[in-house]
Structures are given as structure tokens and as C-alpha cells.
Amino acid sequence: FRNRLTGALFEYYGKSLPGKAVRIEEHPKYKTDPVWAYFFTASIIVFGILISGFLFGSLSFTNEWVQNTVPLLKLSPQSPVFLLGGKISAALIKAVITIIVYFLFSLFITDRFIFSSPFLIPVFTVAYILSITTGMIIGLYFKETLVAFIIALIRSIVLWVCGGGFGTREE
């Protein structure tokens with residue numbers, strides 16, 4: 001049984017109630033079970049993208065409110081698009097550093113480079129830009145670091161779990 005506790009219970013009831021207990025036959029999809037760490041490592045990258053993007057984005061604006069530098073930003077001779085582009089660029093640089101550290105840790109833990117497809121680079125970039133932008137909106141709206149942190153954490157966990165972070169619901 002893949003679930004050892006369920007298997008132990010069925011074995012116990014099968015021996016205790018011969019002929020009356022439900023009999024279960026398992027037909028695995030694979031000859032050998034794949035290593036769980038590989039699937040979890042691939043899944044946790046999405047959570048990492050969400051949480052770091054939301055946090056980097058929201059904290060970049062909540063810091064402006066906390067340090068009371070918003071009036072200076074309004075008086076800046078630079079255009080708001082330029083300032084926003086700078087904040088997004090800074091958040092993306094932090095995101096790239098985060099993803100590199102994550103890849104190195106996943107390589108160290110699993111002894112494999114999990115993500116070998118070059119197609120994932122633009123997907124990760126777009127995901128980071130979307131999560132950073134959403135985080136910036138959260139930071140602009142709530143203006144408090146702790147509130148933005150809690151919202152970013154809850155939002156990323158909910159999106160990760162609802163998006164299949166622990167695997168699909170299909171069998």
C-alpha cells in the first residue's frame with residue numbers, strides 16, 4: 001500500500017474479520033514508486049515564486065509608507081513609470097537570486113537538476129512579474145508591513161494548494 005497506515009488497518013481488519021472485511025487490490029502506475037522528493041521539489045518552486053514575488057513586491061511599497069518617503073516619490077522629477085520600473089527591476093533581481101539559491105539547494109538535496117527545460121525560464125519570469133505586481137498592489141493598498149506579509153503568505157499558500165501543490169486530485 002502506498003499509504004502505510006491504511007494498508008496496516010486493512011491487514012488488521014482482514015485478519016480480524018476473515019471473509020467480512022473489504023479487500024483492496026492496488027494497481028500501481030509505475031513499476032517502482034518515484035522518489036517523492038523530486039515531485040515535492042518541483043511543486044515547491046511554485047510556492048517559492050509566489051511567496052517571494054508577493055513579499056518582494058509588497059515590501060517594496062510598504063517600506064515607502066513606513067519610512068514616510070511617499071511624499072518624496074511624488075515630488076520626484078522622474079516619471080512614475082520609471083520609478084515603478086525600477087522597483088520591479090529590483091524585485092526581479094531579488095527573485096533571480098532567490099531562484100538560483102533554490103536551484104542550488106534542490107540540486108544539493110536531490111542530486112539532480114530538476115528543471116532542465118529552457119521553456120521554464122520565461123514561465124518563471126512571467127510568474128514572478130505577476131506575483132511581484134500583485135504584491136506591489138497589496139503594499140500600496142494596505143501600507144502596513146505585517147498586514148502585507150500575512151496577506152502574501154496566505155495568498156501564496158492558497159494559490160499553491162489550489163493549483164495542485166500537493167499533486168492532482170485525480171487518480
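Visitor: In what order do the elements of the chain run from the N terminus on?

Guide: The model is a predicted one. The elements run α-α-α-α-α-α, and the chain holds six helices and zero strands.

Visitor: How many of the residues count as buried, and what supplies the exposed area?

Guide: Of the 171 residues, 25% count as buried. The chain exposes about 12,300 Å², and carbon and sulfur atoms supply 70% of that area.

Visitor: What makes the pair Glu64 and Lys87 a salt bridge?

Guide: A salt bridge requires a side-chain nitrogen of Lys or Arg within 4 Å of a carboxyl oxygen of Asp or Glu. The closest N and O atoms of Glu64 and Lys87 are 2.8 Å apart, so the pair meets the limit of 4 Å. The pair links distant parts of the chain: Glu64 belongs to helix α2 (residues 36-66) and Lys87 to helix α4 (residues 80-110), 23 residues apart. The structure holds one salt bridge.

Visitor: Are Glu64 and Lys87 buried or exposed, and how do you know?

Guide: A residue is called buried under 20% relative accessible area. Glu64 has 15% and therefore counts as buried. Lys87, with 16%, is buried as well.

Visitor: Which residues of α4 are buried, and what covers them?

Guide: Lys87, Ala91, Ala95, Ile99, Tyr102, Phe103, Ser106 and Thr110 are buried in α4. What covers them includes α2 and α5 (120-142). An α-helix has 3.6 residues a turn, so residues three or four places apart point the same way. After α4 comes Asp111, whose phi is positive, near 60 degrees.

Visitor: Why is Gly57 called buried, and which residues does Gly57 touch?

Guide: Gly57 is located in helix α2. Its relative accessible area is 0%, so Gly57 is buried, the limit being under 20%. Leaving aside residues up to four places away in sequence, Gly57 touches Ile132, Gly135 and Met136. Gly57 and Ala148 are 91 residues apart in sequence, while their C-alpha atoms are 9.7 Å apart in space.

Visitor: What makes the approach of Leu153 and Ser156 a polar contact?

Guide: Such a contact needs a pair of N or O atoms within 3.5 Å, one able to donate a hydrogen and the other to accept it. The backbone oxygen of Leu153 lies 3.0 Å from a polar atom of the Ser156 side chain. Ser156 also touches Phe47, Leu50, Ile51 and Phe54, not counting residues up to four places away in sequence.

Visitor: Which residues form the nonpolar patch on the surface?

Guide: Leu146, Phe149, Ile150, Leu153, Ile154, Ile157, Val158 and Val161 form the patch, with about 660 Å² of accessible area together.

Technical notes:
Residues numbered from 1 in each chain as written. Predicted model: local features only at pLDDT ≥ 70, side-chain atom pairs only at ≥ 80, totals over all residues. Heavy atoms only, no water. Helix = DSSP H or I, 4+ residues; strand = E, 2+ residues; numbered from the N terminus. Buried < 20%, exposed > 50% of the residue type's maximum accessible area, 1.4 Å probe, protein only. Patch = residues over 30% accessible without salt bridge, like charges linked within 9 Å, V, L, I, M, F, W, Y side chains within 5 Å. Areas by Shrake-Rupley, 256 points an atom, 1.4 Å probe, with all protein chains shown as cover. Contact = heavy atoms within 4.5 Å.
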